[in-house]
Every structure is written in C-alpha cells, then in structure tokens.
Amino acid sequence: TSDSFDGKLTRSLMAMAGGDVMLALGAELRREKTEFTSTAALKTNDVQGDRSSSDELLADSSNSRDIAGFYAEVNAPFTKEWEGQFAVRYDHYKGVKDPLSGLTSQNLDTTNPKIALSYRPSKAMLGRASFGTGFRAPSISEMFLPVRSGTIASFVKDPVSGEIAQFDLDRYGNPLLKPEKSKQFSIGLVLEPNQNWNGSIDYWMIRKTDIISEIGEQTVFDNPVYYNNPNIVIRDSDGFVSYLQFKKENRGKLNTSGFDLALNWRGDATSIGRFSANLGATYLTEYKFQSDPNSPLTNGLGVFRDDKAVQRWRHKLNLDWAYGQLNLTLGNTYFAGYRDQNIPGLADAGWNDRDVEAYSLWDLSGSYAFTKNLKLRAGVINLLDTPPPFTNQSRYFHVTWDPTYGDPRGRSFFVNLQYKFK
C-alpha cells in the first residue's frame, strides 16, 4: 500500500520575447508498506514443488519506508520560435529495516535533471529535443520478499547432463540491491502542412544501468559461467540438476533505441461523409542487455530471449468514415516476425530452427447516435479470424503461441447500447 501527500506552487517570474517565464515548485511525501502473511499450507510445506519454505522463512512480516521528493520546473519562451523547459527533481528513500532478518537497506538519494528545447520556425513545423536522467529504487518486495519455490517457466536443456526439463527453482530477494539509473535522449520533427495532414517522427535512445532483475533460465543454460556455478545451479552427485537459485540482482546495462512515427489525415467533408486515417508505429534499431555486469551485451532485438520477443516493428492503423450519426472504423494491429526461441532438443528438427511469422489483426467497429443520450456500438474483433503465429516458445504455459501479444480466441463480436441520463 502507499499513502502520499503532495503540493505544487506556480508563478510567473519574468517576461521574455515569447511570453512569461513560468516557475513550478513541488514536493511529495510518501510512505510505502508491504505485508506478507503465509497460509497454513505454505507453512506446513503442503504445496507441490515447495522445498525451501519453513516457519522461519515464511514468518509473517511487515516492511515500510518513507520517501520525500522535491522538484522545480521552469518554462522559458525565449522568443516566438524558441522555447526551453528545465527541470530538476531530488528524491530521498529512507532505508528499510527488516524485522525478521535484522538487515537494513541503504538510504538512497538521487537528483535527476531534464532539459527540453523546441523550435517552431512556422506554424507548419516544430523541432524538438530533450535529455534527462532517471532513477528507480528497488521495491521493498525486491529486497525482502521471502523465498518462493516453484519451477522455471521454460523447458531448457542442461548441457552438462543433457536433460531437457522445467527445473525446480527458488527465488530470493536481495537487500543489497542498488537503484536502477538511466539516461534518455530524444530528437524529433512535427509537421502540419495544412489542416488535413499532420505527422511526427522522433528518434529516442535509452541507456539503463544496474538493471534490477533475475537472470533468465535460457541465459543460464546458454553460458557455462552460469550453469557451472554451484550458487546458481545446484546439482546432485551424478551431475543432474537438483534445483536452481535465482536472486534479484543488479545485472548490468540495457541499451535500446528506435523511432516513433505518427501520421494523421482528416479529409474534407463530402456528400458521402468524411474520411480520415491515422497511423502510430515504433521501429526499434537496438535492444541489447547484459545478464551480469561482466558479460558482453546480448542482442534481444528480433528474437525470443528468456521471457519475451522484442519485435523490430509494431504499428496501429485506423481508417475512419463518418456520415451523419454513423461512424465506422477499420483497424489494423501489426507485429513484425522474429527469430523463435528454438531450445535445442525440445522440438522436432523441422520445428526447432525457425522464425515466427508476422501477426496482423483487422478489427471493424461502428457506432450510431440515435440521440445525444442514446448510442449503439457494435463491432467484429479479429475480422479475418486470424490465429496467432506458431511459436515453439516454452516460457509460458500456453504453448504453440505467445500470450504476451497473441490472442487465440479468433473472431468475436460485441454490441453495446449506451444511454446517458442527464
């Protein structure tokens, strides 16, 4: 749970050629609290796959911490064409004392600035750029959540024993976690040549350090430095995997960059109605991450890795028609294809060295307003009854498709009648 109090003050500082310089000052006080209460089944180890739990590990616990934040923002219109935004924020996270272990996490202090500039040489064009830093403190759960026992999500192959399985797994928190930090930069252009057309393109780049995460099971068994580490992979006397131990840690860097594209068209009214269209898309140019601070960056773009696929291209397209009280929309959602998970030995050869096809869904919806208060909406989701593309991923229980973006339900219909009382 979280309880917070915040306030903000604004005022004009001075006049510049483009208008008044505005100052905003703000503060936030917040208390976060987590509570853990285990069931009798957990405490008596009456749960399948639960090996590490005990009365001591599963004792009821309560943790809290206090957070204070202060910020200042200045909006400065230097001229009619140039405008700047300058902001800085300071946050203080008080250390969390865990009554069960007696450990106290470190106090955290961070100051993060942001600078943004925009240039509008005409009503039809706007250039913009920004740079800033970010900060994410480890959550109380990431530091002090009791041990959780279960199995890994994916089937993986152990190169030592040759076994292919979903191995048992114990998950641990880590009170020594450091905060995640980031730097982000963007630059873009907005065009509006006339009242019918407008669009924008922005390039962005994010660099994160000290990423808080568990190591992925696929990464473990792809690298000898991990699957030969007795602190991660616990083996029996015959060399077979008994279970794994994963702990929340600061696992290094994440580098990602790409382009965001928006394009909008609104046609003039005609005797057969008004047509319009809009497109929103993202094209990734980089997605690389580390599994630990000493390892090289691993490519995760256009490939299923550990727990997800990162597609290079995604878009949402809408085509609209309005005629009086009638509105129709044809929409397309698109995800580019990627390299499949391809766990060695898990599937037959013909299904184990492959790419996942692109996924394209079309939806049709419409509405009719009988009066200002009464409106009917209806539509068809997945108009062409397109199944999600086949994948050999074994991360999720829903095999043969990826539930993070696919939908196996096929074509469906909906009708909604809305009446507003006013």
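**Surface, core and aromatic pairs**

Modeller: The protein chain exposes about 23,900 Å², and carbon and sulfur atoms supply 56% of that area. Please keep in mind that this is a predicted model.

Biologist: How many residues are there in the protein chain, and what percentage count as buried?

Modeller: The protein chain has 422 residues, of which 35% count as buried.

Biologist: What does the secondary structure come to?

Modeller: The protein chain has four helices and 28 strands. Its C-alpha atoms fill a box of roughly 80 × 60 × 50 Å along the principal axes.

Biologist: Let us go inside. Which residues touch the most other members of the largest nonpolar core?

Modeller: That core has 15 residues, and those touching the most other members are Phe-167, Val-220, Phe-221, Val-233, Leu-244 and Phe-246. Helix 3, helix 4 (224-227) and strand 15 (241-247) each give two or more residues to this core. Strand 15 gives the most, with three residues. As a general point, nonpolar side chains tend to be buried together in soluble globular proteins.

Biologist: What is Val-233 in contact with?

Modeller: Leaving aside neighbours within four places in sequence, Val-233 is in contact with Val-220, Phe-221, Tyr-226, Tyr-227, Val-241, Tyr-243 and Leu-244.

Biologist: Turning to Glu-214, is that residue buried or exposed?

Modeller: Glu-214 counts as buried, because its relative accessibility is 18% and the cut-off for buried is under 20%. Glu-214 lies in the loop between strand 13 (212-213) and helix 3 (217-222).

Biologist: Which residues does Glu-214 touch?

Modeller: Not counting residues up to four places away in sequence, Glu-214 touches Arg-171, Phe-246, Lys-247, Lys-248 and Arg-251.

Biologist: New topic: how many aromatic pairs does a search of the whole structure find?

Modeller: The search finds 15 aromatic pairs. One of them joins Phe-275 and Trp-321, whose ring centres are 6.4 Å apart with planes at 25 degrees, so the pair is stacked.

Biologist: Which parts does that pair tie together?

Modeller: Phe-275 lies in strand 18 (residues 274-289) and Trp-321 in strand 22 (residues 313-323), so the pair ties together parts that are 46 residues apart in sequence. Phe-275 counts as partly exposed at 36% relative accessibility, and Trp-321 counts as partly exposed at 24%.

Biologist: Which residues form an aromatic cluster?

Modeller: Phe-335, Tyr-338, Tyr-359 and Tyr-405 form one.

How values were computed. Residues are numbered from 1 along each chain as its sequence is written. This is a predicted model: local features need pLDDT of at least 70, side-chain atom pairs count only at pLDDT 80 or more; totals for chains, interfaces and linings use all residues. Side-chain values use heavy atoms; hydrogens and water are left out. Buried means under 20% relative accessible area, exposed over 50%, partly exposed in between (1.4 Å probe, protein chains only). Accessible areas come from the Shrake-Rupley method with a 1.4 Å probe; for residues, only the protein chains shown count as cover. Rings of Phe, Tyr and Trp (its six-membered ring) pair if their centres lie within 6.5 Å; planes under 30 degrees apart count as stacked, over 60 as edge-to-face and the rest as tilted. Contact means heavy atoms within 4.5 Å. A nonpolar core is a set of buried Ala, Val, Leu, Ile, Met, Phe, Trp, Tyr and Cys residues joined through side-chain atoms within 4.5 Å.
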